[in-house]
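I opened the notebook to look up a few things in this chain. Entries follow in the order I made them.

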Amino acid sequence: RQGMSETERIETTEAHFEAFKTACFKWRGVLGLDWVELLFVHLDDPAATASASYDGTATWATIRLCKTWDTPRPLTDATLDRLARHEVCHVLAAELHHLATTRYCTEFEVDAADERLVCRIEALMERMGHGRSVDG
């Protein structure tokens, strides 16, 4: 089709994987998730270029980078950084995701997880210099 990019098979190397892991650690720090243990896997997964899974309380997460991409997306440091940021954001929201997919959870559990997420986002905003309220 005219105007569409050709899908190209791209192979990620160990160097790409190391850059991806470094970016994940960077974003974990930016988001204030230093207490989350990150585990990494470099594998073939035709479903995604990268993905994350985590326990219900997000005390650990496994972040995966696919070895082979069938995508028009370029393989650059910026692309790896964006993928890392995206997967670490999934870790940030892990507790709410877990509760939303759990058959039995209370409104109190959802409210508490929501409050923790909001506090983490506020802390991030403060670290970015956006912590002052209009009044002060």
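I take a contact to mean heavy atoms within 4.5 Å. I also keep in mind that this is a predicted model.

**Entry: Thr62**

I started with Thr62, which lies in strand 4, residues 60-66. Is Thr62 buried or exposed? I read a relative accessibility of 14% for Thr62, so it counts as buried, the cut-off being under 20%. Next I listed its contacts, leaving aside neighbours within four places in sequence. Thr62 touches Leu39, Val41, Ser51, Ala52 and Ser53.

**Entry: the whole chain**

I then stepped back to the overall layout. I count four helices and five strands in the chain. Read along the sequence, the pattern is β-α-β-β-β-β-α-α-α. I looked up burial next: of the 136 residues, 35% count as buried. I also checked contacts between residues at least 6 apart in sequence. Of these, 59% join residues at least 24 apart.

**Entry: helix 1 and helix 2**

I moved on to helix 1 (residues 14-30) and helix 2 (residues 77-92). How do they pack, and at what angle? I find their axes 8 Å apart, at an angle of about 45°. Helix 1 and helix 2 are therefore oblique to each other. I noted the crossing of helix 1 with helix 2 as right-handed. From helix 1, the contact draws on His16, Ala19, Phe20, Ala23, Cys24, Lys26, Trp27 and Arg28. Helix 2 brings Leu80, Asp81, Leu83, Ala84, Arg85 and Val88 to this contact. I sorted the residues of the contact between helix 1 and helix 2 by type: nine are nonpolar, one is polar and four are charged.

**Entry: helix 3 and helix 4**

I turned to helix 3 (residues 94-101) and helix 4 (residues 107-127). Their axes come within 9 Å and cross at roughly 160°. Because the cut-off for roughly antiparallel is over 145 degrees, helix 3 is roughly antiparallel to helix 4. I recorded the crossing of helix 3 and helix 4 as left-handed. Which residues meet here, in helix 3 and in helix 4? I find Glu95, Leu96 and Leu99 on the helix 3 side. On the helix 4 side I find Glu109, Val110, Ala113, Asp114, Arg116, Leu117 and Arg120. The residues of the contact of helix 3 with helix 4 divide into five nonpolar and five charged, with no polar ones.

**Entry: two residues of helix 4**

I picked out Asp111, which is found in helix 4. At 43% relative accessibility, Asp111 counts as partly exposed. I looked up its distance to Leu96, 15 residues away along the chain: their C-alpha atoms are separated by 9.3 Å.

I then went to Leu124, also placed in helix 4. Leu124 has a relative accessibility of 15% and so counts as buried. Leaving aside neighbours within four places in sequence, I find Leu124 in contact with Val30 and Leu31. I also looked up Gly32, which is 92 residues from Leu124 in sequence. C-alpha to C-alpha, Leu124 and Gly32 are 6.9 Å apart.

**Entry: cysteines**

How many disulfides does the structure hold? I find zero. I looked up the accessibility of two cysteines as well. Cys89 is at 35% relative accessibility, so it counts as partly exposed. Cys119 has a relative accessible area of 36% and is partly exposed.

Note on methods. Residues numbered from 1 in each chain as written. Predicted model: local features only at pLDDT ≥ 70, side-chain atom pairs only at ≥ 80, totals over all residues. Heavy atoms only, no water. Disulfide = S-S within 2.5 Å. Buried < 20%, exposed > 50% of the residue type's maximum accessible area, 1.4 Å probe, protein only. Axes fitted to C-alpha atoms, helices over the stretch in contact; angles between N-to-C directions. Parallel < 35°, antiparallel > 145°, perpendicular 65-115°, else oblique. Left-handed = near helix turned anticlockwise from the far one by under 90°. Nonpolar A, V, L, I, M, F, W, Y, C, P; charged D, E, K, R; others polar.
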